[in-house]
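I opened a new page today for a structure I had not looked at before.

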Amino acid sequence: MPGAPGVRESAPSPDKPPRVKRGGGGVMSSTGLYIATGTAGFLFLVPFYLLIRNALSTDADITGENWKFFPTDIQWGNISELFTDETVPFAQSMWNSAVVATLHTTGVLLVCSLAGYGLARIPYKHANKVFYAVLGTLMVPTAVTFVPSFVLVSSLGWVDTYRGLIIPGLFSGFTCFLFRQYFLGFPKELEEAARVDGLGYWGAYWRIVVPNSLNFFAAMATITFINGWNSFLWPLVIGQSPDAWTVQVALSNYMTNQTVVFHIIFMATAFSILPLVFVFLFLQRWLVQGIAQTGIKG
């Protein structure tokens, strides 16, 4: 009670802020985070270490019992042996993969972005039916359409050509879906302002939507380029001549029933991943931002 003898009223001092009780374990949680991150980084780098180590070794060093952290005699000659091998034109295969992956990425971005923009913005009564049909293509196994696609490409005379390697894969239902999800969240006010200036859907797409969506386009380009570079089964069937092999097909030819040249396989693999590493390192920031802008929630 106020005024009672022997009882003091406790009131917070206006000069001192109230104490906030901090929970313990802050240092421990940070240490655990550093340990987990360091462990994950170490496990991520181990395959690259093994790749470089074996690429610069002899087959005896790779398969020998006495393991060395790094070969005492580095075999730089493995590089020249890789590119001078007449049975597998590796340099030509790298060039074929670069052309196919680049043109494939450009075509997929153009076709799928236009399809996604049309499904998201152009109103017509069958839009939902077309969208569900596109989603339905994701449920069809690749093996179902593989043989009909090869028969069609073969009848057109596109075997051992860039057209046969690129054109059949220019549309991706999943990429179209991602573009539609992104364009649904694109500010309509920008497009309405463009229509006030006299632009139609096509003009608004090229002059307003694309310049303001470069982050998402870069993300889709990264994913599509990696998939195109790593494609194996379709190039294996279409590229029947060694001059039409892609890098993945060339890698498979270093392993035969008769022999396996380990140091050449590792050296070829090291060169084959260099373009992917450069693309990923250059576009990783846009990759994360673009995926975050698709509207897909985890």
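How many salt bridges does the structure hold? I found one salt bridge, where the term means a side-chain nitrogen of Lys or Arg within 4 Å of a carboxyl oxygen of Asp or Glu.

Some ground rules before I go on. This is a predicted model, in which local features need pLDDT of at least 70 and side-chain atom pairs count only at pLDDT 80 or more, while totals for chains, interfaces and linings use all residues. Residues are numbered from 1 along each chain as its sequence is written, and side-chain values use heavy atoms, with hydrogens and water left out.

**Entry 1: the salt bridge.** I looked up the partners: arginine 121 and glutamate 191 meet through their side chains at 2.6 Å, N to O. Arginine 121 sits in helix α4 and glutamate 191 in helix α9 (residues 188-196), so to speak distant parts of the chain, 70 residues apart. Helices here are DSSP runs (H or I, at least four residues), numbered from the N terminus.

**Entry 2: α4 against α8.** I went on to the packing of α4 and α8, and noted an angle of about 50 degrees with the axes 7 Å apart. Axes are lines fitted to C-alpha atoms over the stretch in contact, and angles run from 0 to 180 degrees between N-to-C directions. That makes α4 oblique to α8 (under 35 degrees counts as roughly parallel, over 145 as roughly antiparallel, 65 to 115 as roughly perpendicular, the rest as oblique). I listed the contacts, meaning heavy atoms within 4.5 Å: among them are Cys112, Gly116 and Arg121 in α4, and Phe179, Arg180 and Leu184 in α8. The residues of this contact divide into 11 nonpolar, three polar and two charged. Here Ala, Val, Leu, Ile, Met, Phe, Trp, Tyr, Cys and Pro count as nonpolar, Asp, Glu, Lys and Arg as charged, and the others, Gly among them, as polar.

**Entry 3: α4 against α10.** Helix α4 (residues 90-121) also packs with helix α10 (residues 201-209), at about 115 degrees and with axes 12 Å apart. I saw Arg121 again, in a contact that includes Tyr117 from α4 and Trp202 and Trp206 from α10. By class I noted nine nonpolar, one polar and one charged residues there.

**Entry 4: α8 against α11.** The axes of helix α8 (residues 173-184) and helix α11 (residues 214-230) come within 12 Å and cross at roughly 165 degrees. The two are therefore roughly antiparallel. Thr175, Leu178, Phe179, Tyr182 and Phe183 in α8 meet Phe216, Phe217 and Met220 in α11.
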